[in-house]
Amino acid sequence: MAILVVGSVAFDTIETPHGAVQNCLGGAATHFSLAASYFTPVRVIAVVGKDFTAEHEAIFTRRGIDIQGIEHMDGLSFHWTGSYSGNMDEAKTLGTDLNVFETFEPKIPDAYKDSEFLFLANIDPVLQARVRSQMPKVRMVCGDTMNYWIADHAANLAKVLRELDVLLINDGEARMLANERNLVLAAEKVLAMGPKTLVVKHGEYGATAFFSDRSFGGGTKISRPFRAPALPLSEVVDPTGAGDSFAGGFYGYLASQPTLTPAVFRTAMFYGGVMGSFAVERFGTERLQNVSKQEIDERFKLFVEISHLDHASV
């Protein structure tokens, strides 16, 4: 089933303890769509400038990603500059040049309007709400946001939250959104704002899903959260886009399944971790461009092995 993702396609200049790169392809929609494309068809709505070339288009099309929704404008594409040091949990932003992204107005091609799954990547909640209103027949809507929108655009964000089946944010954003330090209590408050399910990303410590009575419908109720691990890695080259890659693997797997069940949701959490773990192994989207189905399957098995207790050996 096709996923329609609306978000940023950008260029990143990144420095980490492992080196530096200039103007590598990035952006939330890019990481998401590449990760999701290993599971299901993906369609992208974004805006780029004249620096986005046929070579960059090929990165999407080689994965079968539909890019007719990427609008080309005069000017330069969105560009982010950042650096990582220490444990690399958080980037230091050195520069943000919105360029053509500053006037982004998502336009949905007619060919996209039969999409059954919608992912609202981290953009202005006004734009998120506008896209959602134009896609009334989608089966599921997932969304992302960040501290800037939480702090300064709370009223508009609140409208989006009421439309989401799943909200994917990190633990700091969850606490900020709920104004609550305890994550369990924060999750309860966030779910009361409208999302049916909340997935909280913990970076190198995995992710936790919190469920409501509306998560699965049909009277299915899960009272306990579910925690999926992250894979311990000996080397993290570039964490940029790891969260968006997690979202792509997670949502891509969900969209590939005929029905949403608790078991499917838990499996999707693992595939999110799988794709996030690949993303950080190279700068930008390099690793996501070249991963194989066999590598994905093998890493999924590894995730299962490190998180399941063999009762026979106890």
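**Reading the rings and helices**

Guide: Phe-265 is buried, because its relative accessible area is 1%; buried means under 20%, exposed over 50% and partly exposed in between, with a 1.4 Å probe and protein chains only. The model is predicted, so local features need pLDDT of at least 70 and side-chain atom pairs pLDDT 80 or more, while totals for chains, interfaces and linings use all residues. Residues are numbered from 1 along each chain as its sequence is written, and side-chain values use heavy atoms, without hydrogens and water.

Visitor: How many aromatic pairs does the structure hold?

Guide: A pair of aromatic rings is described by the distance of the centres and the angle of the planes. Rings of Phe, Tyr and Trp (its six-membered ring) pair if their centres lie within 6.5 Å; planes under 30 degrees apart count as stacked, over 60 as edge-to-face and the rest as tilted. The structure holds 20 such pairs. In one of them, Phe-211 and Phe-216 are tilted, at 5.6 Å centre to centre and 40° between the planes. Both of these residues are buried.

Visitor: Why is the pair of Phe-216 and Phe-265 edge-to-face?

Guide: The ring centres of Phe-216 and Phe-265 are 6.0 Å apart and the planes lie at 85°, so the pair is edge-to-face. This pair links distant parts of the chain, 49 residues apart: Phe-216 is in the loop between β12 (207-211) and β13 (226-228), and Phe-265 is in helix α9. Helices (H or I, at least four residues) and strands (E, at least two) are DSSP runs, numbered from the N terminus. Phe-216 has a relative accessible area of 14% and is therefore buried.

Visitor: At what angle do the axes of α9 and α11 cross?

Guide: Two packed helices are described by the angle between their axes and the distance between the axes. Axes are lines fitted to C-alpha atoms, for helices over the stretch in contact, and angles run from 0 to 180 degrees between N-to-C directions. Here α9 (residues 262-279) and α11 (residues 293-307) come within 9 Å and cross at roughly 115°. Contact (heavy atoms within 4.5 Å) involves residues including Phe-270 and Tyr-271 of α9, and Phe-300 and Phe-303 of α11.

Visitor: Which aromatic cluster includes Phe-270 and Phe-300?

Guide: One cluster is formed by Phe-39, Phe-226, Tyr-253, Phe-270, Tyr-271, Phe-300 and Phe-303.
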